[in-house]
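Here is a friendly note to read with the model open beside you. Take the points one at a time, and find each residue as you go.

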Amino acid sequence: MKNLKDVNPLILLAMALIPLALVIAAVPENTTKPYKLTIDEVVGQITEGAQYYTADQIADYIVQKDPSIQLIDLRPKDEFETYHLPGAINIPLSDILADEWLEYLDQDVRTNVFYSNGTVISNQAWLICTQRGFKNNYVLQGGLNYWAEAIINPLKPDQTAPNDEFAKYDFRKAMSGALGGGSLEVQSTPSQSAGPMPDVAKKPKKKKAAGGC
Amino acid sequence: MGPLSVNEIISSGTNFFLAFIIGIGFGFVLEASGFSSSRKLAGVFYGYDTVVLKVFFTAAITAMLGLLFFSLFGWVDLSLVYVNPTYWHSAIAGGIIMGAGFITGGFCPGTSVCGAAIGKIDAMVFVGGLFLGIFFFGEGYPLWENFFKDGFSGFPRLNEVMGISQGVLVLLVVLMALAMFWVGEWAEKKFPREEY
């Protein structure tokens, strides 16, 4: 038998690569979406509350005009037209399967945040999208009801409340002013205002792995 | 499930560390294979030495096959792997500039760093030119921004444009590469050089 060393390396390479390429040409592409959640993972996410963005986070995004956030209003059209958050689009829950919204819901560029009056409808939309294998969908915690309570008309904390509460209040008051809510309160006693604004923790956004030569 | 850093299985710090290790290995192999010689790269254009072509194309087809097999086994999510956006005009202009640089300088960006690391003066000059080019491109960006962004056509993949599956495309590329290697070896015999 001929020694392996005597064979032209080009022939060896062809013998190794062509069969592999034939296999890969013959099998269908793997199109399973691995980020679809199993039922255990769904339960885990729901109990952990991983699908939530807090009202403070969203207020911060809106004021900063962060283009990576897409707010999606799930209420009926007339309610949407009466009032909606800045930059939100209207996808009533009954229309969520419509093809025209597919490119908004199934994408990996922007972060969608669902909201409605409470959180039940948003969670339903989130569950539908998650089980369809769509990523980047989240829920505004507390919905518009909590939004109105916390951001638009924040309650002043008690004089004895900890500094954190005052910082949060100042932040919300500022947000409220920026978003056209109640008027900004004039700070008569600046010494009372507590520290800098609390940092709004942002969820890390997934980026694609970049490459190059 | 890969990609490891995108799926947050490893941190971006670990990712950079792995890239660093792989980069050292890559540089070592480039140098050990003689790629730090500018004559090696210029040889591709004159036909007397096509090792560079063979090495890089073998790497490309191995990676193509590997990625598709990984995807088949569910080890990597190909939809999360970055595909460069295509800007036709700047891609063609860049290709011409890069090709001209290859043949006149005898280095590609990777091998020039390799050559500079072992003290080759021509490689150092090449690296200097590379940084000058980057500097002028960056500083003069407003001048050619329109041209740079012209002809944008999204993130097309060759198999989508041709309307075939990824696997069939890989088979075609493998066959093309092997044919090219064969032509390369023929050219090496046809245009031999004694000493380089």
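1. First, some ground rules. Residues are numbered from 1 along each chain as its sequence is written, while chains are lettered from A and ligands numbered from 1 in the order in which they are written. Please keep in mind that this is a predicted model, in which local features need pLDDT of at least 70, side-chain atom pairs count only at pLDDT 80 or more, and totals for chains, interfaces and linings use all residues.

2. Chain A contains 8 helices and 5 strands (helices are DSSP runs of H or I with at least four residues, strands are runs of E with at least two, and both are numbered from the N terminus). Read from the N terminus, its order is α-α-β-α-β-α-β-α-β-α-β-α-α. Of the 213 residues in chain A, 22% are buried (buried is 20 or more other C-beta atoms within 10 Å of a residue's own, exposed is 12 or fewer, partly exposed is in between, and C-beta atoms are placed from the backbone).

3. Leaving aside neighbours within four places in sequence, Ile58(A) is in contact with Tyr53(A), Val113(A) and Leu140(A) (contact is C-beta atoms, placed from the backbone, within 7 Å).

4. Two loop residues of chain A deserve a look. Lys65(A), in the loop between helix 3 and strand 2, has a positive phi of about 50° although it is not a glycine. Lys65(A) is exposed because 9 other C-beta atoms lie within 10 Å. Asn136(A), in the loop between helix 6 and strand 5, has a positive phi near 65° and is likewise not a glycine. With 19 other C-beta atoms within 10 Å, Asn136(A) is partly exposed.

5. Now to the place where the chains meet. Chain A gives 21 residues to the contact and chain B gives 26. On the side of chain A that touches chain B, 15 residues are nonpolar, 2 polar and 4 charged (Ala, Val, Leu, Ile, Met, Phe, Trp, Tyr, Cys and Pro count as nonpolar, Asp, Glu, Lys and Arg as charged, and the others, Gly among them, as polar).

6. Helix 3 of chain B (residues 51–72) has buried residues Val52(B), Ile61(B), Met64(B), Leu65(B), Leu68(B) and Ser71(B). What covers them includes helix 1 (9–26) of chain A, together with helix 2 (38–46) and helix 9 (166–190) of chain B. Just after helix 3 of chain B, Gly74(B) takes a positive phi of about 75°.

7. Which residues join helix 2 of chain B to helix 3 of chain B? Lys40(B), Leu41(B) and Val44(B) in helix 2 meet Val51(B), Val52(B) and Leu53(B) in helix 3. The residues of this contact divide into 5 nonpolar, no polar and 1 charged.

Notes. Contact = placed C-beta atoms within 7 Å.
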